[in-house]
Amino acid sequence: VSARVVTLLTDYGPHSEHVGALHAVLVAADPEIVRVDFAHDIPLGDIRFGAVVLARLALGLAQAVHLAVVDPGVGSGRRALAVRLAGGGCLVGPDNGLLGPVAVALGAVRAVELPVNPGRAATFDGRDVFAPAAARLARGEDLERLGTPVNPAGITQVRVPRPATSPGVLKAEILGCDRFGNVQLAARSEDARAAGLVTGLSAEVTGPGGRGAAVVARTFGDAARGLLVVYLDSHGYVAVAENLGDAAARLGARAGGALTVAVTPAPAP
Amino acid sequence: VSARVVTLLTDYGPHSEHVGALHAVLVAADPEIVRVDFAHDIPLGDIRFGAVVLARLALGLAQAVHLAVVDPGVGSGRRALAVRLAGGGCLVGPDNGLLGPVAVALGAVRAVELPVNPGRAATFDGRDVFAPAAARLARGEDLERLGTPVNPAGITQVRVPRPATSPGVLKAEILGCDRFGNVQLAARSEDARAAGLVTGLSAEVTGPGGRGAAVVARTFGDAARGLLVVYLDSHGYVAVAENLGDAAARLGARAGGALTVAVTPAPAP
Amino acid sequence: VSARVVTLLTDYGPHSEHVGALHAVLVAADPEIVRVDFAHDIPLGDIRFGAVVLARLALGLAQAVHLAVVDPGVGSGRRALAVRLAGGGCLVGPDNGLLGPVAVALGAVRAVELPVNPGRAATFDGRDVFAPAAARLARGEDLERLGTPVNPAGITQVRVPRPATSPGVLKAEILGCDRFGNVQLAARSEDARAAGLVTGLSAEVTGPGGRGAAVVARTFGDAARGLLVVYLDSHGYVAVAENLGDAAARLGARAGGALTVAVTPAPAP
C-alpha cells in the first residue's frame, strides 16, 4: 500500500491554485493515491530550506513517492529528475539541490532525467512534468520508462555552510524561521557540544537585526518570560526561540543571515 | 468506517511543515486513515479560540479521533491526554483547556494520561506524542493501552467570561476574528435576547480601537454599504461584520478585547 | 470511481475553520469521498478570479463534483445552484458568476435551484447548503432530487473585459496575482499575437502603481535580472513576472486594474 503514497512539498503557497493543480493531476491519474502535503509555505525559491525540510519529513515515509518543487529556474537549463531510493521510495523534482539531502539520507540507487516537451508551457513543470511522473511511479510504473538513465551520484547538492565554533561561542547560518518565530540554525547537536552550549548556561544571542539574553535549555517554558531559549529542536538542529514571543522578529533573523550564540560569563562572585 | 477518521486542529500555520509532520505520522501508521484538517490557522497559542473551534467542528464528526494541538506549554508540566467520548469518538491533545469544551459537549467517559519519553525532543509533542496516539486509536486500539487512567471529569476547562447585558446593551469579550474581518463574541443567542438586540434595530458598536453604526440583521447583505451588521453567526454566536468590508480592522478588534453593542434610540418623531 | 471526487474552491482562507467545516460535511456524509482542494486563497469576494481558476482546474477533473463558494452575497437573493455537466461532472455553488465560465467550458446540461431553509443561519451556505448537495451528488444521487429544475443556459456569467490591442500595444485588465508576484491579464495568446508581442522583443510595462522594462519571453529565466518578463502562462493567459522578483509589487498591480504592454522601438542604428 505504501507505494501509493505521494507527498508534496512546494513554495507555491498554502492552498493556492498551483498546489490544487498538482493534486488534480494526481487524482486524475488515480483517485486512490494517498496524498500527503508536507509543506507549501517554503519561502519563495528557498531551495536550501526546502531541501532540509524534505529530507527530514521523507525519513518517516521512506517508501513514498516524494514530489518536491521549489524551482526558481523553471524553464531554464536545470534537469528534471526522477530517482529510485534504496528503501523503495522515489523522488521527483528539479535537480537544483532540492533533492540532494534526501537522496543522500535515503540512498539514491537509480535516476532518470525526465523529458521536457519543448512545445509545452515553460513555467509550470510542477503540473506538466513532475506531478505526472510522480503519479506514474505511484501506480507502480518502472522508473526507467519515465526518462533517460543518469548517474544517481550526480544529483546536485545544496551547500550548507558549516558553523564556526570556539569555546563558548557558536556562529552559524540561519536556515529558516517558522510561524512561531523559532529560528533554525545550520548547526546540530555536535556543534552545540563543540561550543560548550550546555543546558542551564546563560548566553547572548546576536542576529542580523537584534540581540537578546538567552538560556540554553530543553524547551520553551524553561526560560523566564522575555528571555530567549537556545535549544536542540525536534529535528536535531540548534534553534533559538522566545517563550510566548517571536525570536525571529527580535533578532531580525532571515534565511541566509548569520547568528551568534555566546555563553555569558557568570558574574564574579 | 468512521472510526478511521482523524481530524487535525493546530496553530502550526496553514500547510506548514509541522502540519505535514502530523500527517506523515498518521499515514506512516496507516495510509487508510481518513484525515480531515479542521483548522491550522488558529492564532498562535490561542487555546481558548482553538477550544471553541474544535468543539463546534467536532460535533459534526462525533465518532472521529480529534487530534488537537495548541500548546504554548509544550515540554512543561501540562498533561498529555487521550479521551474516549460517549458517542465513540476520541480526543487527543494537551490538557491545557483546549479539550475542555469538546469534552463537555460530546461527553468524556474515560481518559488516560499519555506517557512522555523524557529522552525525546521536548518541543514537538504533536509529532512525538499526540499524532502517534491518534493513529493508534484510529486503528482501533483500546484507550487503556495508551496510558494511565485519569478522571475524565478532571479535564481542564478554558474560562470564557460571561457577557454583561442590560436593556439595549450587550458587552462581551472578543473570541476571535476570521479572514473576512468578522468578529465573533463570547455571547450567544440568549445573550442577544437578554439585551433586546432584535432584528431591524439600529445600534452602535464600540471595539478596542474603533466604533461604527450598525444594524441588527440576519445576514451581511441586509445592511447598507458601510454599515456594520450585528448578527447571530452560523455557530450560534453573536458576531459583528461589515458587508464587503473588514469589521475587525474598523473596530480594532483582537481576541481578548471587549466589544459593546448599544441599541441606538430611534430619533424623536 | 471518479464520481466520488469532490473538489473545493473558496475564498475562506487556507486551512481556516470554514474550509474545515466543508470537509467535515463531506466526510460525515461519506468518508470514502476523495477530496481535492483546488484553492482557498482566492482574494476575498473576487468572484471573477475564482471563476477563472475554477474553470481551468476543473478541466483536468471533468467528471468530479466541483464545490465552489466565493459568495459575498450569501443570504441575499442570488440563487444556489447544482449543475450537471456534459462529461458527467457536477457544479455546486452560488449563481453569482462563479460557475459561469466552467459551465460554458464543460457544458451545463441540466441545473436545479437548491432550496434554502429560511430557519437556518444565513451566513454559511457553504456548510449548510452547498457542501451537503455536493456530498449527495458525489454519492450518486440524481440532480433532480436536490432542487427545482432551472434553465442551464441561464447560469450567470462574469464579465471579463476584452483587451484593447493596436500594433505594438496590449492594454488589458488584471485578473489576479499569485504568491510569486506574477500578474495574470485578461488577455490570451491571440491577443498577444494581435498586438505583435513576439518572443525576443523589448517592451515597457505600465501598471496601476509602477512601470518597468521588459522582454517578451518564454520563461522567467530568459530575462536578465531586474527585467520584467511578458509571457504566455501555463493556462494560456498573457502574464507579467519578474525573474526572482515580485512584478505585482513593482507594478502596483491589483485585480481589476489595467496594465499596458508597449513594445519598445529598437534604438536607431
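**A buried aspartate and the B–A interface**

Q: What makes D233(C) a buried charge without a salt bridge?
A: In this predicted model, D233(C) is buried, and the nearest side chain of opposite charge, R56(C), is 5.0 Å away. A salt bridge needs a nitrogen of Lys or Arg within 4 Å of a carboxyl oxygen.

Q: Where does D233(C) lie?
A: D233(C) sits in the loop that links strand 13 (228-232) to strand 14 (237-242) of chain C.

Q: Why is the pairing of D233(C) with Q184(C) called a polar contact?
A: The two side chains come to 3.1 Å. The cut-off is within 3.5 Å, so the pair qualifies.

Q: Why is the pairing of E17(B) with R56(A) called a salt bridge?
A: Their closest N and O atoms are 2.5 Å apart. The limit is within 4 Å, so the pair counts as a salt bridge. The count between chain B and chain A is one salt bridge. Nine residue pairs are in polar contact between these chains, both residues at pLDDT 80 or more. On the side of chain B that touches chain A, helix 1 (residues 17-29) gives the most, with eight residues. By class, that side has 16 nonpolar, nine polar and seven charged residues.

Q: How do you know that chain B and chain A bury area between them?
A: Interface size is often given as accessible area lost when the parts come together. Here about 2,400 Å² is buried, 59% of it on carbon and sulfur atoms. In chain B, H15(B), E17(B) and T123(B) lose the most area to chain A, together 30% of what that side buries.

Note on methods:
Residues numbered from 1 in each chain as written. Chains lettered and ligands numbered in written order. Predicted model: local features only at pLDDT ≥ 70, side-chain atom pairs only at ≥ 80, totals over all residues. Heavy atoms only, no water. Helix = DSSP H or I, 4+ residues; strand = E, 2+ residues; numbered from the N terminus. Buried < 20%, exposed > 50% of the residue type's maximum accessible area, 1.4 Å probe, protein only. Lys, Arg positive; Asp, Glu negative; His and termini not counted. Polar contact = N/O pair within 3.5 Å; in protein donor to acceptor, adjacent residues only side chain to side chain. Buried area = accessible area lost by both parts, 1.4 Å probe. Nonpolar A, V, L, I, M, F, W, Y, C, P; charged D, E, K, R; others polar.
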